[in-house]
Amino acid sequence: MTAQQTGSTPPLRINSSFDSGNIRVEAIDGTTATLSIHKDHESDFFQWFHFRAAAPAGTRLTLRITGLAQSSYPDGWPGYAACVSEDRERWDRAASRYDPGVDGGTLTIDYTLVGDAAWFAYFAPYSQERHHDLVAQAAACEGVTVRQLGESLDGRPIDCLELGSGDKPVWLIARQHPGETMAEWWMEGALDMLTDPTNAHARALRAACRFYIVPNMNPDGAFRGHLRTNARGINLNREWHEPQADRAPEVLCVRNRMDETGVAFAMDVHGDEAIPAVFLAGFEGIPSIKDAQLALFRRYRDTLAIRTPDFQTRLGYPEARPGKANLSMATAQIAERYGAVAMTLEMPFKDNDDLPDTAQGWSPERSMQLARDCLATLAEMVGDI
């Protein structure tokens with residue numbers, strides 16, 4: 001959608017007609033725009049935004065995103081600052097404030113243009129083109145193969161990168177929720193490390209494991225600018241108990257391949273809107289839980305907390321009670337179905353309050369580094385998995 005004001009004031013134009021774009025223009029008055037967010041197709045989820053604002057260099061913009069008290073995660077807005085970039089390479093944070101009592105909850109972004117346009121997003125976007133570049137670059141590395149597991153509802157490939165000569169099957173999946181773009185930035189860091197012939201942890205992991213890596217589980221939702229669902233408005237992370245081809249072919253093709261390979265260790269990579277920290281969620285409530293399986297998960301979690309100050313164990317989700325795990329979710333289903341050490345990794349949309357970065361907040365660069373720390377932690381204990 002585009003909009004242009006009229007009159008003698010230099011025009012402010014707002015556009016979101018591109019890969020992962022999402023914004024509705026309600027009004028433009030001078031250099032102030034009143035905006036709102038489209039819901040995911042056939043769904044009530046909304047939180048992701050991504051748009052371009054164009055005006056002459058030096059223009060001070062006021063961008064008001066309204067109606068956010070009814071968004072999917074209203075607790076995500078207090079303390080949040082919007083991501084902004086003028087080169088679409090480095091993403092910083094723009095001055096932002098949230099007022100729940102104005103226009104149904106309003107995030108106001110103040111930003112002065114350096115050039116003639118800036119891009120704003122809920123988190124640094126990860127485009128379809130960059131995804132294809134990631135797959136192509138990894139595939140060019142020695143020992144890496146690409147398997148198309150299936151297609152999405154819109155006909156996009158569900159890519160799985162396979163590498164390693166070991167006998168322990170390790171699965172890494174990301175972006176079941178497409179707006180959680182930090183998850184694919186994490187995947188870029190993971191693939192960069194695992195394909196590095198000089199990295200000692202990567203060499204040990206490739207010798208011990210066979211990796212199956214799905215960088216983007218939900219390419220349709222990613223392209224459409226969705227927060228949480230696929231082309232039919234389906235939350236993929238509630239389909240793992242009995243995925244259907246007409247609802248969630250993305251999950252079905254991945255789980256079918258897991259049935260073929262087995263799973264010893266799995267990480268499902270996500271982002272959390274409200275909690276300003278990095279944390280893990282486990283599988284405590286699955287019916288078949290084993291003491292050794294749970295002990296390995298806790299050992300991994302505690303070791304990661306020692307390895308990097310960007311990870312912590314105080315904040316996170318409540319543990320499921322015995323026998324009460326939600327088996328429609330990937331981590332619980334994988335742990336139950338395969339006896340795997342499975343976990344959900346959550347990164348913040350805001351910042352890590354334990355180690356804040358006022359310029360970028362949580363960022364693509366920190367997501368990629370966290371992947372390297374996660375894999376190094378796995379390398380230290382892989383013999384026991």
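Predicted model: local features only at pLDDT ≥ 70, side-chain atom pairs only at ≥ 80, totals over all residues.
Student: How many residues has the largest nonpolar core?

Tutor: A nonpolar core is a set of buried Ala, Val, Leu, Ile, Met, Phe, Trp, Tyr and Cys residues joined through side-chain atoms within 4.5 Å. Buried means under 20% relative accessible area (1.4 Å probe, protein chains only). Here the largest core has 120 residues. Trp186 and Met267 are among those with the most contacts inside it. Helix 2 (residues 182–194) gives the largest share, nine residues. Helices are DSSP runs of H or I, at least four residues; strands are runs of E, at least two; both are numbered from the N terminus.

Student: In what order do the five strands of the open sheet lie?

Tutor: Strands of a sheet pair through backbone hydrogen bonds, either parallel or antiparallel. Pairing requires at least two DSSP bridges between two strands. The order is 3-4-6-10-9, with mixed pairing. Strands 3 (24–29) and 9 (95–99) each have a single partner strand, so one side of each lacks a neighbour in the sheet. Strands 4 and 6 run parallel, joined by four bridges. Ala33 has Leu63 as its bridge partner in strand 6.

Student: Is Arg175 buried or exposed?

Tutor: Arg175 counts as buried because its relative accessibility is 2%. Arg175 sits in the loop between strand 14 (168–174) and helix 2.

Key. Residues numbered from 1 in each chain as written. Heavy atoms only, no water. Buried < 20%, exposed > 50% of the residue type's maximum accessible area, 1.4 Å probe, protein only.
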